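Subject: Structure handover

Hello,

Here is the structure you were expecting. Please open it alongside this message.

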Amino acid sequence: MQKTNEEYRAELSDIEYRVTREAATERPFTGRYWDHWENGKYQCVCCGTPLFESATKFDAGCGWPSYHTQLNPDAISEHQDGAYGMVRTEVRCSSCDAHLGHVFTDGPKPTGLRYCINSASLRFEPSKNVESGQ
């Protein structure tokens, strides 16, 4: 069941709401995950859908978290974005239609893709430490 804008506004911070529900973009080098390297999974902040694994994250030098591979090909939908006089490919969460960021074709192997994602659209779930049982 899709949430209303009022429900999202009550659950999300201002920047999370503006990015995910209004397709805003956070300033580069300001988001909580642009320089985050802990092992785990990045999920949609709106619905919890797993989107990316830390193993696919790389430093693109752009100031936003960047990934070369999505976790599940069905988790992210692509849409043409012609805003700001550019033609780009916007990426959204397939489950709740949250704006995530954009995908570009200048990424590293194995895919050659760079999913440039707003930190405000993500929540991080650290990997469980098997040895300690955490």
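Below are notes on the sheet and on the salt bridges.

Keep in mind that this is a predicted model.

The sheet first. It is open and has six strands, in the order β3-β4-β8-β7-β6-β5. The pairing is antiparallel. β3 (57–58) and β5 (76–81) stand at the edges. Each has a single partner strand, so one side of each has no neighbour in the sheet. β5 pairs with β6 (residues 88–93) over six bridges, in the antiparallel sense. Ile76 sits opposite Cys93 in β6.

Now the charges. Side chains of opposite charge can pair when their charged atoms come close. The structure holds eight salt bridges. Among them are these:

- Arg9 and Glu22 meet at 4.0 Å, N to O. This pair links distant parts of the chain: Arg9 is in helix α1 (residues 5–11) and Glu22 in helix α2 (residues 14–22), 13 residues apart. Arg9 is partly exposed at 48% relative accessibility. Glu22 is partly exposed too, at 47%.
- Asp14 and Arg18 meet at 2.9 Å, N to O. Both lie in helix α2, four residues apart, which is about one turn of the helix. Arg18 is partly exposed, with a relative accessible area of 33%.
- Glu90 pairs with Arg92, and their closest N and O atoms are 3.2 Å apart. Glu90 is buried at 7% relative accessible area, under the 20% cut-off. Arg92 is partly exposed at 23%.

Finally, salt bridges link Glu16, Arg32 and Arg123 in a network.

Best wishes

Technical notes
Residues numbered from 1 in each chain as written. Predicted model: local features only at pLDDT ≥ 70, side-chain atom pairs only at ≥ 80, totals over all residues. Heavy atoms only, no water. Pairing = 2+ DSSP bridges. Helix = DSSP H or I, 4+ residues; strand = E, 2+ residues; numbered from the N terminus. Salt bridge = Lys/Arg side-chain N within 4 Å of Asp/Glu carboxyl O. Buried < 20%, exposed > 50% of the residue type's maximum accessible area, 1.4 Å probe, protein only.
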